[in-house]
Amino acid sequence: MSVTISAATDQDAEQIFRLQYLCFQSEAALYGNYRIDPLVQTLDSVREEVATDCVFVARLGDEVVGSVRGRITDDGSAAIGKLCVHPRLQGHGIGARLLKAAEAALTAERGATRFRLHTGHRSESGLRLYRRVGYETVGTSRGADGVPMIVLEKQAGAYATTA
């Protein structure tokens, strides 16, 4: 059985919520902070994002094994967030496929010309993935939870040749 990528539906919200909680445990451990946004987000908030944002899931059969979200911000760029892939399936290109699907939809359906994302400064695997698919560091910030973040961006259509 192969992993498929598709737009999330209302019925996916609970699986996305549970997957997010599982996947971001390791991220929280990197910082000794279990109050990071993906771990304290409510199911209702996830449902709202699925209804309003550009949300994609990776499925293995009926199971949601990955997800990513994107939305257009006030400056017209697309904010990409909460990319996660089930720990047993990481390292197989699912994260890159999810990013590509979200970027394509945000460009075609919502007019995005630039993508921006934030990741923890200790998130080496995430940083490797984002750089591999064409994101470049443009600055730093601090999350609402106090975690130091690296801000990365890329122009729409800028897919790295190694992706």
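Visitor: Which residues of α4 are buried?
Guide: In α4 the buried residues are Ile-94, Gly-95, Ala-96, Leu-98, Leu-99, Ala-101, Ala-102, Glu-103, Ala-105 and Leu-106. Buried means under 20% relative accessible area, exposed means over 50%, and partly exposed is in between, using a 1.4 Å probe and protein chains only. Helices (H or I, at least four residues) and strands (E, at least two) are DSSP runs, numbered from the N terminus.

Visitor: What kind of model is this, and how are residues numbered?
Guide: It is a predicted model, in which local features need pLDDT of at least 70 and side-chain atom pairs count only at pLDDT 80 or more, while totals for chains, interfaces and linings use all residues. Residues are numbered from 1 along each chain as its sequence is written, and side-chain values use heavy atoms, with hydrogens and water left out.

Visitor: Back to α4. How many residues does it have, and what span does it reach?
Guide: α4 has 17 residues and reaches 23 Å from first C-alpha to last, close to the expected 24 Å. The expected span is 1.5 Å times one less than the number of residues. Just after α4 comes Gly-111, with a positive phi of about 75°.

Visitor: Which strands does α4 lie across?
Guide: Helix α4 (residues 94-110) lies across β1, β2, β3, β4, β5 and β7, and runs at about 145° to β2. Contact means heavy atoms within 4.5 Å. Axes are lines fitted to C-alpha atoms, for helices over the stretch in contact, and angles run from 0 to 180 degrees between N-to-C directions.

Visitor: And the sheet itself, what is the strand order?
Guide: It is an open sheet of seven strands with mixed pairing, in the order β1-β2-β3-β4-β5-β7-β6. β1 (3-7) and β6 (136-142) are the edge strands, each pairing on one side only. From one strand to the next, the twist averages 25°. Two strands pair if DSSP finds at least two bridges between them.

Visitor: How many bridges join β1 to β2, β2 to β3, and β3 to β4?
Guide: Five bridges join β1 to β2, and these run antiparallel. Ala-7 stands opposite Phe-56 in β2. β2 and β3 are also antiparallel, with seven bridges, and Leu-60 has Glu-63 in β3 as its bridge partner. Strands β3 (residues 63-72) and β4 (residues 78-85) run antiparallel too, joined by six bridges; there Arg-71 is partnered by Ala-79 in β4.

Visitor: What sits between β2 and β3?
Guide: A turn: the two strands form a hairpin with two residues between them, and Gly-61 in the turn has a positive phi of about 70°. As for β2, six of its seven residues are buried, so it is largely enclosed by the rest of the structure.

Visitor: Which residues touch the most others in the largest nonpolar core?
Guide: That core has 29 residues, and Phe-56, Val-68, Ile-80, Leu-98, Leu-99, Tyr-130 and Tyr-135 touch the most other members. A nonpolar core is a set of buried Ala, Val, Leu, Ile, Met, Phe, Trp, Tyr and Cys residues joined through side-chain atoms within 4.5 Å. The elements giving two or more residues are β2, β3, β4, α4, β5, α5 (124-132) and β7. α4 gives the most, with eight residues. Another core, of 18 residues, lies apart from this one and includes Ile-16, Cys-23, Ala-28 and Cys-84.

Visitor: How many aromatic pairs are there?
Guide: One. Tyr-130 and Tyr-135 form it, edge-to-face, at 6.1 Å centre to centre with 70° between the planes. Rings of Phe, Tyr and Trp (its six-membered ring) pair if their centres lie within 6.5 Å; planes under 30 degrees apart count as stacked, over 60 as edge-to-face and the rest as tilted. Both Tyr-130 and Tyr-135 are buried.

Visitor: What about Leu-152, buried or exposed?
Guide: Leu-152 is buried, with a relative accessible area of 0%. Leu-152 lies in strand β7, and its contacts beyond four places in sequence include Phe-115, Thr-119, Tyr-130 and Tyr-135.

Visitor: And Thr-119, where does it lie?
Guide: Thr-119 lies in strand β5 and is buried, at 8% relative accessible area. Not counting residues up to four places away in sequence, Thr-119 touches Leu-127, Tyr-130, Pro-148, Met-149, Ile-150 and Leu-152.

Visitor: Last one: what phi does Lys-82 have?
Guide: Lys-82 has a positive phi of about 55°, although it is not a glycine. Lys-82 is in strand β4 and counts as buried at 17% relative accessibility.
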